[in-house]
Amino acid sequence: MNRSAAHVVTEFVLLGFPGSWKIQIFLFVLFLVVYVLTLLGNGAIICAVRCDSRLHTPMYFLLGNFAFLEIWYVSSTVPNILANVLSKTKAISFAGCFLQFYFFFSLGTTECLFLAVMAYDRYLAICRPLHYPAIMTRRLCGILVSSCWLIGFLGYPIPIFSISQLPFCGSNIIDHFLCDMDPLMALSCAPAPTTEFIFYAQSSLVLFCTVAYILRSYILLLRAVFQVPSAAGRLKAFSTCGSHLVVVSLFYGTVMVMYVSPTYGIPTLMQKILTLVYSVMTPLFNPLIYSLRNKDMKLALRNVLSGMRIVKNI
């Protein structure tokens, strides 16, 4: 088939969440509130880490960068959802669709790598406390953070470009609120099993490797914690890693259902809900999870807020 004749789709229609106009307005307000709260929550963590000298440690340096990542991650989906909800055509350009696809997966991969690096930091802090300052230097933190971003963004250009070159000659309707792998492959009028296999193999490799490393780190960490003689010491050790475990469980649990297990038998509405959990709700919950369970972070956030009030009064 001649590609120039077959490739007639110039835009896609994202159905999103169908419903009456009142439902669309409700969804717009809901997503707008969630988006603003996510930006404020993660922005507050960045300000607290930057402004409070007590938080100038590797753990909070990583947490600040993770909050910065979450702002970008949620911004790869929610602004388009807001525009789509109010749109009558619900159309997104061909280039815009694949650009969102690229940023969504690149930022998701970067998040997986960040969670693994944060698990490594907690492992060193609890299992090798005497060597921790010498190993987890500022230079190493910078290398680890830079590597997460580089690997996340350099891993998907070729697979996503290959998918964009497939012929899309039939329907252009995507029953989702974002451009994702399965809906796009379903619209292609030419099978591409090799491209599909490479994409899912790459995604599965990132997920399984990071999950395996996080589980290994926490098994060693828990073994070390149970050897701590005092109950207060064990409680403090659990509190430093409990927040991270909650975030890991929430993020990986939904991502693995979507991208490791077959999604053909999962209803479309459930796929949308699962995608919302890890792409929208997780960035919203992270500031709450990390701040509510961390005394130093709560104190730093209070100082930032009190400083803002003083400036406002002046």
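1. Lys90 counts as buried because its relative accessibility is 16%, where buried means under 20% relative accessible area, exposed over 50% and partly exposed in between (1.4 Å probe, protein chains only). Lys90 lies in the loop between α4 and β2 (91–93); helices (H or I, at least four residues) and strands (E, at least two) are DSSP runs, numbered from the N terminus. Although Lys90 is not a glycine, its phi is positive, at about 55°.

2. The model is a predicted one, in which local features need pLDDT of at least 70 and side-chain atom pairs count only at pLDDT 80 or more, while totals for chains, interfaces and linings use all residues. Residues are numbered from 1 along each chain as its sequence is written, and side-chain values use heavy atoms, with hydrogens and water left out.

3. On confidence, the chain has a mean pLDDT (the predictor's confidence in each residue, from 0 to 100) of 85, and 89% of its residues reach 70 or more. Among the elements of the chain, α7 has the highest mean pLDDT (95) and helix α1 (residues 3–6) the lowest (46). The pLDDT is below 50 over residues 1–7, a stretch that has 12 contacts in the model beyond near neighbours in sequence. Contact here means heavy atoms within 4.5 Å.

4. As to overall composition, the chain contains 13 helices and 3 strands. Of its 314 residues, 48% are buried. Among contacts in the chain with a separation of 6 or more, 80% are between residues 24 or more positions apart. The chain exposes about 15,800 Å², of which carbon and sulfur atoms supply 72%; accessible areas come from the Shrake-Rupley method with a 1.4 Å probe, and for residues only the protein chains shown count as cover.

5. Helix α4 (residues 78–86) has as its buried residues Val78, Ile81, Leu82, Asn84 and Val85. Seen down the axis of α4, these buried residues fall within an arc of 165°, so they line one face of the helix; the arc is that of the directions from the helix axis to the C-beta atoms. Leu82 is 8.4 Å from Leu27, C-alpha to C-alpha, although the two are 55 residues apart in sequence. Leu27 belongs to helix α2 (residues 21–51) and is buried, with a relative accessible area of 13%.

6. How many aromatic pairs does a search of the whole structure find? The search finds 28. Rings of Phe, Tyr and Trp (its six-membered ring) pair if their centres lie within 6.5 Å; planes under 30 degrees apart count as stacked, over 60 as edge-to-face and the rest as tilted. The pair of Tyr73 and Phe104 is stacked because the ring centres are 5.7 Å apart and the planes are at 15°. This pair links distant parts of the chain, with Tyr73 in helix α3 (residues 58–75) and Phe104 in helix α5 (residues 94–127), 31 residues apart. Tyr73 and Phe104 are both buried.

7. Tyr156 and Phe199 form a tilted aromatic pair, 5.5 Å centre to centre with 55° between the planes. Tyr156 is in the loop between α7 (138–154) and α8 (157–164), and Phe199 is in helix α10 (residues 193–225), 43 residues apart. Both Tyr156 and Phe199 are buried.

8. Ile266, in the loop between α11 (231–259) and α12 (268–292), counts as buried at 17% relative accessibility. Leaving aside neighbours within four places in sequence, Ile266 is in contact with Val257 and Gln271.
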